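Subject: Structure handover and notes

Dear colleague,

I am passing the structure below on to you, together with some notes on what was found in it. Please keep it open beside this message while you read.

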Amino acid sequence: MARRCELTGKGPMTGNNVSHAKNRTRRRFLPNLNDVSLQSETLGRAFKFRISAAALRSVDHRGGLDAFLAKAKDTELSDSALKVKKDIAKAQAAA
């Protein structure tokens with residue numbers, strides 16, 4: 001399973017562990033990923049995503065999953081999130 005946020009595309013970063021003696025060894029900084037169910041008001045159902053804690057706060061700040069996906073770039077979204085975005089857009093166009 002890829003350690004990548006499905007909504008923001010945030011992934012692992014690299015850096016150094018630095019000891020008191022200034023010895024440097026490579027390490028990875030992993031994103032804080034959580035399994036969550038987000039509700040779509042337009043489609044009336046929940047979708048499961050593996051997203052970072054920062055993305056969860058962004059979804060709340062923008063007013064829900066539908067509003068977040070409307071502003072999100074397609075290149076950052078996972079395949080499943082992109083499918084949900086297109087379904088939401090199709091349902092809003094029909095309504």
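Is Lys22 buried or exposed? Lys22 counts as exposed, at 55% relative accessibility, where buried means under 20% relative accessible area, exposed over 50%, and partly exposed in between, with a 1.4 Å probe and protein chains only.

Before going further, please note that this is a predicted model, in which local features need pLDDT of at least 70 and side-chain atom pairs count only at pLDDT 80 or more, while totals for chains, interfaces and linings use all residues. Residues are numbered from 1 along each chain as its sequence is written, and side-chain values use heavy atoms, with hydrogens and water left out.

Lys22 is found in the loop between strand 1 and strand 2, the strands (E, at least two residues) and helices (H or I, at least four residues) being DSSP runs numbered from the N terminus. Although Lys22 is not a glycine, its phi is positive, at about 65°. For background, most residues other than glycine have a negative phi. The hairpin that holds Lys22 has five residues between its strands. Strand 1 (residues 13-18) and strand 2 (residues 24-29) run antiparallel and are joined by six bridges, where two strands pair if DSSP finds at least two bridges between them. Within this pairing, Val18 stands opposite Arg24 in strand 2.

A second hairpin is formed by strand 3 and strand 4, with four residues between them, and Gly44 in its turn has a positive phi of about 75°. These two strands also run antiparallel, and eight bridges join them. Leu38 stands opposite Phe47 in strand 4, and Asn34 stands opposite Ile51, likewise in strand 4.

The nonpolar core

The largest nonpolar core has 19 residues, and those with the most contacts inside it are Leu7, Leu38, Phe49, Ile51 and Leu69; such a core is a set of buried Ala, Val, Leu, Ile, Met, Phe, Trp, Tyr and Cys residues joined through side-chain atoms within 4.5 Å. At least two residues of this core are supplied by each of strand 3 (33-40), strand 4 (45-52), helix 1 (53-62), helix 2 (65-71) and helix 3 (79-94). Helix 3 gives the largest share, four residues. As a general point, nonpolar side chains tend to be buried together in soluble globular proteins.

Leu7 lies in the segment before strand 1 and is buried, with a relative accessible area of 0%. Leaving aside neighbours within four places in sequence, Leu7 is in contact (heavy atoms within 4.5 Å) with Leu38, Ile51, Val59, Phe68, Leu69, Glu76, Leu77 and Ala81. Ile51, not counting residues up to four places away in sequence, touches a set of residues that includes Cys5, Leu7, Asn34, Leu38 and Leu56. Leu7 and Leu43, by contrast, are 36 residues apart in sequence and 18 Å apart in space, C-alpha to C-alpha.

Charges and rings

A search of the whole structure finds three salt bridges, each being a side-chain nitrogen of Lys or Arg within 4 Å of a carboxyl oxygen of Asp or Glu. One of them joins the side chains of Asp35 and Arg50 (3.8 Å, N to O). Asp35 lies in strand 3 and Arg50 in strand 4, so this pair ties together parts that are 15 residues apart in sequence. Asp35 is exposed, with a relative accessible area of 66%.

Another salt bridge brings together the side chains of Lys85 and Asp74 (2.8 Å, N to O). This pair links distant parts of the chain, with Lys85 in helix 3 and Asp74 in the loop between helix 2 and helix 3, 11 residues apart. Lys85 is buried, with a relative accessible area of 16%, whereas Asp74 is partly exposed, at 42%.

In the remaining salt bridge, formed by Lys83 and Asp87, the closest N and O atoms are 3.3 Å apart. Lys83 and Asp87 are four residues apart in helix 3, so they are separated by about one helical turn. Lys83 counts as exposed at 53% relative accessibility, and Asp87 as partly exposed at 27%.

Finally, the charged end of Arg27 sits over the ring of Phe29, 3.8 Å from its centre; the criterion is that NZ of Lys or CZ of Arg is within 6 Å of the ring centre and within 35 degrees of the ring normal.

With best wishes
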